[in-house]
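Hello,

My findings follow below it.

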Amino acid sequence: MAIKRPKGTEDHLPAGSPKLTLDVSAQAHAWVVETARRVLERAGAQRIDTPLFEEADLVKRGVGGSTDIVRKEMFTVYYFGDHGGYILRPEGTASIVRAFLQNGLKQLPSPLKLWTHGPMFRAERQQRGRLRQFHQVDYEVLGGSDALVDAEAIALMVGVVRELGLTGVRVKLGSIGDPEDREAYNLYLRELFTPHLERLSDDSRDRLTRNPMRILDSKSEDDQTLIAQLNVKPMLDFLGEDARANFDAVQGYLRDWGVEFDVDPSIVRGLDYYRRTAWELHHEGVGAKSALGGGGRYDGLAEQIGAQAVPGIGWAFGVERLLIALEAEGRALPAQAGPVVYVAALEDSLVPEAAAAALAARTTVRAEFAYRALKPGNAFRDAERRGALFAGLIGSDEATARSVQLKNLRSAEQFTVLLSDLPAFLHEQEQAHLTLLENA
Ligand code: HAM
């Protein structure tokens, strides 16, 4: 039987593939990442890349032992003679904080803004927008604890969404307080739910001991019915003075800057390292239960995995989910530009000349060539199918003169150009064409 790709993974396909949708288009993925890069670099974020696999302990201690990620979704990496203590990274934050600590990045100007993108791995049950290998654009700020840093991080996330042209995005903002606030809240939840143990799902019963707050995020309908009946107070009611002041300040900045948000007392987030500001971005096209992206402050994480305390905050988008949202808004695939020139030989013996002309042209522009001799009519047709600006023909006269016959396929203008002048000529023509398009 033919071998297929593993469950929960996707191939990212080239333009023109049958049944191409935005979320599996390699080009659309690259376009999202490039758009995010532009926005993030304008804000001073620097690119960082970390390994795809890490010590399992990094994730256990960083992301947290009570999370679904650590308990059910980790991919373990084995290789010959190894102890099996590695995992494929399920997210980027713990790795970036590890890299920050391990490489002495504290010496760089603070707060330090970093960004990355790439595949993440979680053994989840597959559905649209929920994959085992998915991709994130991830942004982290290390070394700043002011509410201004939080607000800027949220504004930047909204900036990426805007630059992508997405309109139907809602920011749901919450705070999960300082550790002592969370402890008080967890105590309250334990007392509230314990008399109703038998009505809780197995997962939630487990969460009651490990991390009661996560019950509120349960996917079980029965759990959600119970939560509604018990009239559970939100975490926001348990914020201490400092966390409350911080939360108010974050909101104040966002309002000043015209960044729209809704305070959502139900924000829980699925990772243990969060404290204080936490938020998610949602979009109808992705569905209410799945976020487009999310983030929060994690001032305790560095100490959890290293030796020093470093405040931090950040967020990540799911690239597939951004693409699903873009598709839901009717966004078409960004078109890949065709070659500036498509060169064909008119005789078999001249095919290498056509190839050499294209290779020379590639020093300045996109250039392709025909691998066998073509009649002029077929050469023009093939060039048009590829979206070329020029078709180039090389017959025996051109070969003798070391030139190429060019036809602009939009204007039908013809030129004879010496091979030595070809790169400069085509570059100039492409620039003129782009100017024409811009002014159209
Ligand atoms: P997260 O909420 O676990 O946060 O994931 C962020 C985003 O990644 C989600 O909102 C979603 O768009 C996408 N995502 C997560 N799991 C899947 C999946 N199985 N399939 C497709 N997309 C998925 C984090 O990962 C944190 N590290 C974010 C962060 C950065 N917090 C602070 N800094």
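How many residues surround the ligand, and which are the closest? The shell holds 27 residues, and E91, T93, E124, E140 and Y274 are the closest. A residue counts as near if one of its heavy atoms lies within 4 Å of the molecule.

First, the basis. This is a predicted model: local features need pLDDT of at least 70, side-chain atom pairs count only at pLDDT 80 or more, and totals for chains, interfaces and linings use all residues. Residues are numbered from 1 along each chain as its sequence is written, and side-chain values use heavy atoms, with hydrogens and water left out.

**Ligand site**

By class, the shell has 10 nonpolar, 9 polar and 8 charged residues. Here Ala, Val, Leu, Ile, Met, Phe, Trp, Tyr, Cys and Pro are nonpolar; Asp, Glu, Lys and Arg are charged; the others, Gly among them, are polar. Strands β6 (133–142), β10 (293–297) and β11 (312–318) each supply at least two shell residues. Strands are DSSP runs (E, at least two residues), numbered from the N terminus.

Polar contacts are pairs of N or O atoms within 3.5 Å. A side-chain N or O atom of Y274 lies 2.5 Å from a ligand nitrogen. R269 places a polar side-chain atom 2.9 Å from a ligand oxygen. A291 uses a backbone N or O atom, 3.0 Å from a ligand oxygen. The protein covers 96% of the 650 Å² of accessible area that the ligand has on its own (Shrake-Rupley method, 1.4 Å probe).

**A sheet**

Three strands form an open, antiparallel sheet in the order β2-β4-β3. Pairing needs at least two DSSP bridges. β2 (53–55) and β3 (76–77) are edge strands with a single partner each, so one side of each has no neighbour in the sheet.

Best wishes

How values were computed: Polar contact = N/O pair within 3.5 Å; in protein donor to acceptor, adjacent residues only side chain to side chain. Helix = DSSP H or I, 4+ residues; strand = E, 2+ residues; numbered from the N terminus.
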